[in-house]
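Take a look at it first, and then we'll go through where its parts touch.

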Amino acid sequence: MILYDYILSPDCYKIRLLAALTGQRLTLQAVDYHPGGEHRSAAFRMLNPAGTIPVLQDGALILTESAAILTYVAAMSGPDWLGEDSPQMRGQVAQWLAFAHRLSASIGKARSHDMLQQPADINACRRAGVACLQELESALTEQRLMGFGYLAGARPTLADIACFPHAMLAPDGGISTDPYPAIRLWTRSLRALPGFIEMPGIHRLHELKPEPIGTAGQD
Amino acid sequence: MTAAWTPVALARDLPRLGVMPVCVDGIDVALWRSASGRLAAWADRCPHRGMRLSHGFVRGEALSCIYHGWSYGASGSCLRIPAHPDLEPPEAIRVPVHRATENNGVIWVALGDQDNTPPALTGLVPLRSVTVQARAEVIRSASGLAIGADGIARGHLASIAVAVLMQALPEGATVLHVLAEPADPAALIAASRAVEALRRAAESKGAA
Ligand SMILES: N[C@H](CCC(=O)N[C@@H](CS)C(=O)NCC(=O)O)C(=O)O
Ligand code: FES
């Protein structure tokens with residue numbers, strides 16, 4: 001299974017994260033997204049005409065939407081993550097996989113504007129990003145009132161993996177995450193999952209890491 | 001000098017080993033809870049290079065800075081500098097500590113000395129904390145909540161009796177800490193949606 005990947009991309013990271021959580025082996029093929037713009041090259045567009053990452057290739061199968069890639073990886077190596085306990089849960093997982101596109105189009109865009117100087121209507125992206133976080137916060141609050149800690153129920157599913165990276169990285173796009181206690185608690189639980197992996201800007205819960213030992217050069 | 005208590009969070013939103021940023025009278029505060037459950041409210045600024053301590057992490061009874069890992073114990077004094085593990089940190093390296101207390105499921109902070117206790121809010125359950133881009137007066141008039149003798153706004157949201165504590169933020173924003181009478185989840189969810197509706201109403205009123 002080949003993942004066309006960029007280390008700083010939240011949409012690529014969510015695939016790497018799910019693969020790590022389910023034990024699915026991935027062959028990572030780095031795409032020079034920035035500064036090279038390799039995803040817009042003629043060669044890359046033979047693979048994905050849309051010119052976006054992530055792209056997953058497994059034999060003859062090519063998937064170019066992160067929601068589809070997550071679904072495929074879960075079906076191959078971690079079917080529990082599909083969240084098929086009940087029709088309700090299936091509906092909720094589909095709901096949040098679709099919602100994640102709004103996160104990419106708002107928070108994701110604000111972040112590539114601020115970090116990679118890509119053009120965007122930054123105020124509109126930030127406003128839409130705040131609206132997304134408010135919806136996520138309210139949904140997680142309602143889940144807590146029902147005694148559930150995750151977006152689609154009592155256990156984590158693709159719904160959580162799809163929305164988690166952008167919720168964590170919003171400050172990179174100038175969108176504060178300080179006002180959202182339910183999001184803070186939810187991201188904490190996800191960061192403590194066995195097999196969790198990091199990306200730049202998203203860390204495992206530190207209290208689960210070993211005590212740091214002094215290294216020369218730090219001050 | 002005595003200062004007023006400011007409500008800063010619902011206690012259930014700060015678990016053990018948790019740390020979060022809050023704002024009291026325009027001052028940034030790192031609010032955290034140790035492994036044994038001890039609550040602390042510190043200046044949100046690392047004495048080393050000024051990093052926000054609320055970005056840090058709790059290990060046992062200490063708070064560590066995310067930047068270079070300096071850690072600080074209960075009194076705010078520096079316990080350990082990872083780059084110099086054999087050094088006993090000088091007594092002068094200390095984070096300013098504020099008063100924090102927990103009362104009926106609400107966490108309160110005061111910047112100065114404080115002899116009295118925050119108002120009692122018995123018989124209520126925590127609903128949620130929501131940040132609203134509007135001042136307290138605008139929110140009050142949008143909500144129809146009445147201020148009681150104890151200074152607390154009370155009323156009904158989606159037919160559920162609520163008490164709303166207001167925490168002023170800089171630039172005219174306000175955090176609402178909402179407590180509700182005990183009710184089944186469906187009724188509490190309706191009240192939570194009514195808080196969102198109140199936020200939208202106050203924000204459009206404030207913008208008008
Ligand atoms: N197809 C969407 C696209 C995700 C997305 O927006 N990816 C960004 C990088 S994180 C991208 O490729 N942008 C293309 C561009 O800006 O030209 C998905 O897989 O969720
Ligand atoms: S800034 Fe906190 S340890 Fe350096």
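How much area is buried between domain 1 of chain B and domain 2 of chain B, and what percentage of that area do carbon and sulfur atoms give? The area comes to about 880 Å², with carbon and sulfur atoms giving 67%. Keep in mind that this is a predicted model.

## Two domains in chain B

Chain B splits into domain 1, covering 6-110, and domain 2, covering 125-207. Their contact draws 13 residues from domain 1 of chain B and 13 residues from domain 2 of chain B. If you go by the C-alpha centres, the two domains of chain B sit 28 Å apart.

On the domain 1 side, who gives up the most area to domain 2 of chain B? Look for Pro7(B), Leu10(B) and Cys23(B), which together make up 50% of what that side buries.

## What holds which side

Strand 1 of chain B has the largest share, with five residues. Sorted by class, that side of domain 1 of chain B has eight nonpolar residues, three polar ones and two charged ones.

## Where chain A meets chain B

Now for the two chains. Here 25 residues of chain A are in contact with 33 residues of chain B. Between them, chain A and chain B bury about 2,600 Å², and carbon and sulfur atoms give 51% of that.

How many salt bridges cross the interface of chain A and chain B? There are three. One of the salt bridges pairs Arg193(B) with Glu142(A), whose closest N and O atoms are 2.7 Å apart. Chain A and chain B also have seven residue pairs in polar contact, again with both residues at pLDDT 80 or more.

## The chain A side

Two elements of chain A give two or more residues each to the side touching chain B: helix 5 (122-145) and helix 7 (181-191). Helix 5 of chain A gives the most, with seven residues. As for the classes, the side of chain A that touches chain B has ten charged residues, eight nonpolar ones and seven polar ones.

Methods. Residues numbered from 1 in each chain as written. Chains lettered and ligands numbered in written order. Predicted model: local features only at pLDDT ≥ 70, side-chain atom pairs only at ≥ 80, totals over all residues. Heavy atoms only, no water. Domains from an automatic or database assignment. Contact = heavy atoms within 4.5 Å. Buried area = accessible area lost by both parts, 1.4 Å probe. Helix = DSSP H or I, 4+ residues; strand = E, 2+ residues; numbered from the N terminus. Nonpolar A, V, L, I, M, F, W, Y, C, P; charged D, E, K, R; others polar. Salt bridge = Lys/Arg side-chain N within 4 Å of Asp/Glu carboxyl O. Polar contact = N/O pair within 3.5 Å; in protein donor to acceptor, adjacent residues only side chain to side chain.
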